[in-house]
Amino acid sequence: MIVGIDLGTTHSLIGAYSEQGSTLFRNALGDHLTPSVVSVDGDTVLVGQAARDRLISHPHHTVASFKRWMGTARETRLGDRSFRPEELSALVLRSLLGDAEAALGEKIEEAVISVPAYFSDAQRKATRTAGELAGVRVERLINEPTAAALAYGLQTREEESRFVVFDLGGGTFDVSILECFDNVFEVHASAGDNFLGGEDFLDVLVEAFCRDRSLRRQALSPQEYGQLRRRLELLKRDIGGAATAPMQIAIDGREHAWEIDEERFARLCEPLMQRMRSPIERAMRDAKLQPAQLNEIVLVGGASRMPLVARLVSRMFGRLPLRHVNPDQAIALGASVAAGLKSRDAKLEEIILTDVCPYTLGTQIARRDHNGQVHTGYFHPIILRNSTVPVSREDQFYPMNEQQQKLVIDIYQGENPLVVNNIKLGEISMDLDKRRGTDQNGVTVRFTYDINGLLQVEVTEHATQRRHELLLEQNPGLMTPEEIRARLAALAALKVHPRDQQENIAVLARAERLYEEHLHERERLQEWIMQFRAVVDTQDAALIVRNREQFVEALDALESLTLNPQA
Amino acid sequence: MSWALRELGLPADADERAIKRAYAARLKTVRPETDPEGFQKLNEAYQAALEWLRQRPAPSETPSESSAASNAAPSGYASVKLHFEGVPISMPPFRSARRDENARADFDEQDFFFTVLEQSEQLDPRAFKQWLERNEALYSMPLKAALAEPLVWFLHDQPPLTREHLAITLAFFGLDTVNDTTMRLQEPLHRLHQTARRSGTDWEEVMSDPRRTGRSNAHRESISPRMALWLTMCVMLGLARCFGGGST
């Protein structure tokens, strides 16, 4: 069985393709969305909603938004152990896979995972490693906007249409331009920003709140900071229209009331909104399309719900975006379709998907100007961004002068005309035979970029036909196979709560969060928590269910009272 | 007839629909995941066929005076169409010119370019960036794309900007990345970078210094003589390139 997974910055989802089409699986709490949060309690790991509540009650043992660190070697300390971003992602994947296996009643061997279109090589490899650590094979990664388009395109199945997909998730922004005709899904262009998402808009609110209330963010305790973010996240969803959105929070024993209207929020977010413009413009330019040639504008990703986003889109495209796609589920549904494609599901047999390489790949060259002066450090593209993949291109290079003893071919990824502003992936150097002169000392450099985003570089010397293959430098952000094996063993030693206990765990975690948030209700909450723990210990299933329902009701009442104090 | 159409097994009068249908039909057997080389060949033919269609003049259109100029221009050199006192002056054209004409029709390009210059002198980099970003007309992608190339040629013949202001301007117009426009404009862009003024100006001082403000206001009044001068220079440069290109 192959599943499709949307491994998101704030939420993750899992689904599969069957005769009925794409289906998403619910987690043990009955939700499609599992928060991408990991918490450690002794030697037990919690993932999802319970972990998210523990961000507030146990901030030192809990972590969120780790997708932003994928492709780096950053380690996060939780309790007495530290985790790499791949491991944290693997824990989320393991939890999702457990939900799918429970629903399907069979073992899952393979997964297609969606990644932001603008994810780099290192970030993609890290995502694959996360899959490996979670015990599934990940042969295929699918770009998130492509996945969303696949779900959307199959849903409408129009004869022929061109559309743009905006994906503003929790941590990343992507824009892709696609066309579908005769069962071909063709990506024309993708562009994006790997560090722009809903979390950044939340940061803007946190900053504004602290400034207004004369609080220093660094002076807040982790518990208070967690509470503040949670409250402001809820507030963020209320911003819109003419009314101001109010909120209230107790910090350091003092009540703080605060409110913000949409106009101010828009002003504060302007720098973030401006950052969305250039990827959009670049994708449109690369696709050689005018706004009028697009049939639809599709918004996906939770953060695209902000009215600000729709407004930017209509300013740039001169029309309103489409609304009837579920922004939270589109990517996961599309990833499931991709899983169906991978397993060559008969119903999908005729669909062909072509994607592009999101970055320009090239080498460094020197140039001689009209005065004969040599300028170094120029980027010379070999594979242009938004070339359809798989693609292989070559170019010829010659030494600058007769005295040169060595020829160095540097491999860069990026868009800037100067290599210093791009990312170096590796280099290959060869000795030159000076007797031959510059004309005979030329080389042919071939770049081959495959469907899975793997780059291979081959240099052939003209004079000798000798070939050199590029060994890309070991990226410091990536794990070696030995490391992966070691971490796999360590992860296996971690315990997870059985599925049937997840609901109990979640309700207890929620009560503990409320305990942190409500100074005046602590005694009551503590008592409820102790009572429910005792009930869980009886192992009497019927009794537990009955008590849990009452417990949840009581917590709901307490929380609704504080969220709408006027009501 | 294009080689691409032959590759796709299509007649010379094939339209977009036919090209797409032929491509889709061939994709069924030449899949990207199983036959990368065959796929690349097929995809290249498909893209070339579409490009050929884009370039093919519509039957009713007569070749414009600009396409005649393009024959004389050395390849790789870019081009602008400048309007000077109502008389269009043709420089070697750029491909997208016809398409962009509409976007530019209601926009006073020259006035905007001089305002950019003026603001770059009056505002510190941050404020200058905001000023550009808040220009409502430039939210239109076709307009913004159409202005990029003429702006480079305009700035090329004006007193240099500071490095920060230049970088902001180029980034705003998408001229800080490699693409076919910037590849074509390598030479003028290179010169803009080389002549850009060093940073380190005290912006408070600039803004409060009446002489500086006075001078930049003077730009507007002296448009005609200045433009005449740089236009002449452009033409001379262009000629020099033609002859220079021919002799080497």
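In chain B, helix 8 (residues 141-156) and helix 11 (residues 186-195) cross at roughly 45°, with axes that come within 10 Å. Helices here are DSSP runs of H or I with at least four residues, strands are E runs of at least two, and both are numbered from the N terminus. Axes are lines fitted to C-alpha atoms, for helices over the stretch in contact, with angles from 0 to 180 degrees between N-to-C directions. Helix 8 and helix 11 of chain B are therefore oblique to each other (under 35 degrees is roughly parallel, over 145 roughly antiparallel, 65 to 115 roughly perpendicular, and the rest oblique). On the helix 8 side, B:V152, B:W153, B:L155 and B:H156 meet B:P188, B:L189, B:R191 and B:L192 of helix 11 of chain B; contact means C-beta atoms, placed from the backbone, within 7 Å. The residues of this contact split into six nonpolar, one polar and one charged (Ala, Val, Leu, Ile, Met, Phe, Trp, Tyr, Cys and Pro are nonpolar, Asp, Glu, Lys and Arg charged, the others, Gly among them, polar).

All of this comes from a predicted model, where local features need pLDDT of at least 70 and side-chain atom pairs pLDDT 80 or more, while totals for chains, interfaces and linings use all residues. Residues are numbered from 1 along each chain as its sequence is written, and chains are lettered from A and ligands numbered from 1 in the order in which they are written.

Over in chain A, an open sheet of four strands runs in the order 7-5-6-29 with mixed pairing; strands pair if DSSP finds at least two bridges between them. Strand 7 (62-64) and strand 29 (495-496) of chain A sit at the edges with a single partner strand each, so one side of each is left without a neighbour in the sheet. Strand 5 (residues 37-41) of chain A is antiparallel to strand 7 of chain A, joined by three bridges, and A:S39 stands opposite A:T62. Helix 1 (residues 49-57) of chain A lies across strands 5, 6 and 7 of chain A, at about 75° to strand 5.

Where the chains meet, chain A puts in 28 residues and chain B 23. Helix 8 of chain A gives the most to its side, with six residues.

As for confidence, the model scores ipTM 0.84 and pTM 0.83. Chain B has a mean pLDDT (the predictor's per-residue confidence, from 0 to 100) of 72, with 60% of its residues at 70 or more.

Definitions and conventions:
Two residues are in contact if their C-beta atoms, placed from the backbone, lie within 7 Å.
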